[in-house]
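This report walks through one structure for a reader who has not seen it before. The sequence and the model come first, and the description follows.

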Amino acid sequence: MTRPSEILGSVVAASEREQLETFLDYLRDAVVRKARGVSEEDARRSPVPTGTNLGGLIKHLRWVELGAFAEQIGQIPAAELPTPPWSKEDPEADLRLEPHEKLDDVIGAYQAECDRSRAIAAQHSLDYSPQGSELTLRWVYLHLILETGRHAGHADILRELIDRTVGD
């Protein structure tokens with residue numbers, strides 16, 4: 001396995017875009033690595049009082065990707081996108097796995113959304129701003145690095161509490 005310092009160090013002299021893409025892809029992969037190998041039960045289990053669990057983190061990140069890249073940058077109409085799991089009555093439904101959802105399927109949906117995000121981003125410069133919006137693709141990258149990094153840290157802690165697995 002390539003160590004984080006090697007991955008991130010490999011882009012020290014790279015373009016800004018390559019740095020942003022590499023940092024975000026590293027974090028995307030880190031979240032998935034933390035969830036791989038746990039049982040369905042452990043993917044749903046929360047060893048913390050808030051109820052945060054590995055499967056829910058990945059499910060949530062899928063919707064963050066969709067909102068940032070498909071909706072905001074890609075301007076894909078809501079009617080052409082999957083229906084979000086949350087509602088007014090259940091605003092946090094994207095943070096948990098439902099009984100019929102399997103971890104591998106949630107990981108697959110997340111990775112597919114990341115692929116779509118990459119394809120959308122590849123069509124635009126970092127300074128691209130959708131009409132009528134102040135946000136740029138650069139801002140979206142930074143937002144996703146922040147959000148994914150935060151949840152990668154949560155995943156690190158959850159995995160350690162679940163089965164004492166630590167490391168990159």
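## Helix 2 and the residue after it

Gly 37, which lies just after helix 2, takes a positive phi of about 90 degrees. This value, like the others here, comes from a predicted model.

Helix 2 has 20 residues and should span 28 Å at 1.5 Å a residue; the C-alpha atoms at its ends are 29 Å apart, so the two values agree. Buried residues of helix 2 include Arg 17, Arg 28 and Lys 34, as well as Leu 20, Leu 24, Tyr 26 and Leu 27. Also buried in this helix are, among others, Ala 30, Val 31, Val 32 and Ala 35.

## Overall fold

The chain has six helices and zero strands. Its pattern along the sequence reads α-α-α-α-α-α.

A compact globule of 168 residues would have a radius of gyration near 15 Å, and the chain has 16 Å, which agrees. The C-alpha trace spans about 45 × 45 × 25 Å along its principal axes. Of the 168 residues, 40% are buried. When contacts between residues at least 6 apart in sequence are taken, 74% of them join residues at least 24 apart.

## The nonpolar core

The largest nonpolar core contains 40 residues. Those with the most contacts inside this core are Ile 58, Phe 69, Leu 137, Val 140, Tyr 141 and Leu 144. Two or more core residues come from each of helix 2 (16–35), helix 4 (54–73), helix 5 (103–122) and helix 6 (137–163). Helix 4 contributes the most, with eleven residues.

What does Tyr 141 touch, not counting residues up to four places away in sequence? Its partners are Arg 17, Leu 20, Glu 21, Leu 24, Phe 69, Ala 121 and Leu 126. Of these, Arg 17, Leu 20 and Leu 24 are buried residues of helix 2, while Phe 69 is, with Tyr 141, one of the residues with the most contacts inside the core.

Glu 147 is found in helix 6. This residue is buried but has no salt bridge. Its nearest side chain of opposite charge is that of Arg 150, 5.3 Å away; a salt bridge needs a side-chain nitrogen of Lys or Arg within 4 Å of a carboxyl oxygen of Asp or Glu.

With neighbours within four places in sequence left aside, Glu 147 is in contact with His 60, Leu 61 and Val 64.

Note on methods:
Residues numbered from 1 in each chain as written. Predicted model: local features only at pLDDT ≥ 70, side-chain atom pairs only at ≥ 80, totals over all residues. Heavy atoms only, no water. Core = buried A, V, L, I, M, F, W, Y, C linked by side-chain atoms within 4.5 Å. Buried < 20%, exposed > 50% of the residue type's maximum accessible area, 1.4 Å probe, protein only. Helix = DSSP H or I, 4+ residues; strand = E, 2+ residues; numbered from the N terminus. Contact = heavy atoms within 4.5 Å. Lys, Arg positive; Asp, Glu negative; His and termini not counted. Expected span 1.5 Å × (residues − 1). Rg over C-alpha atoms; globule rule 2.2 N^0.38 Å.
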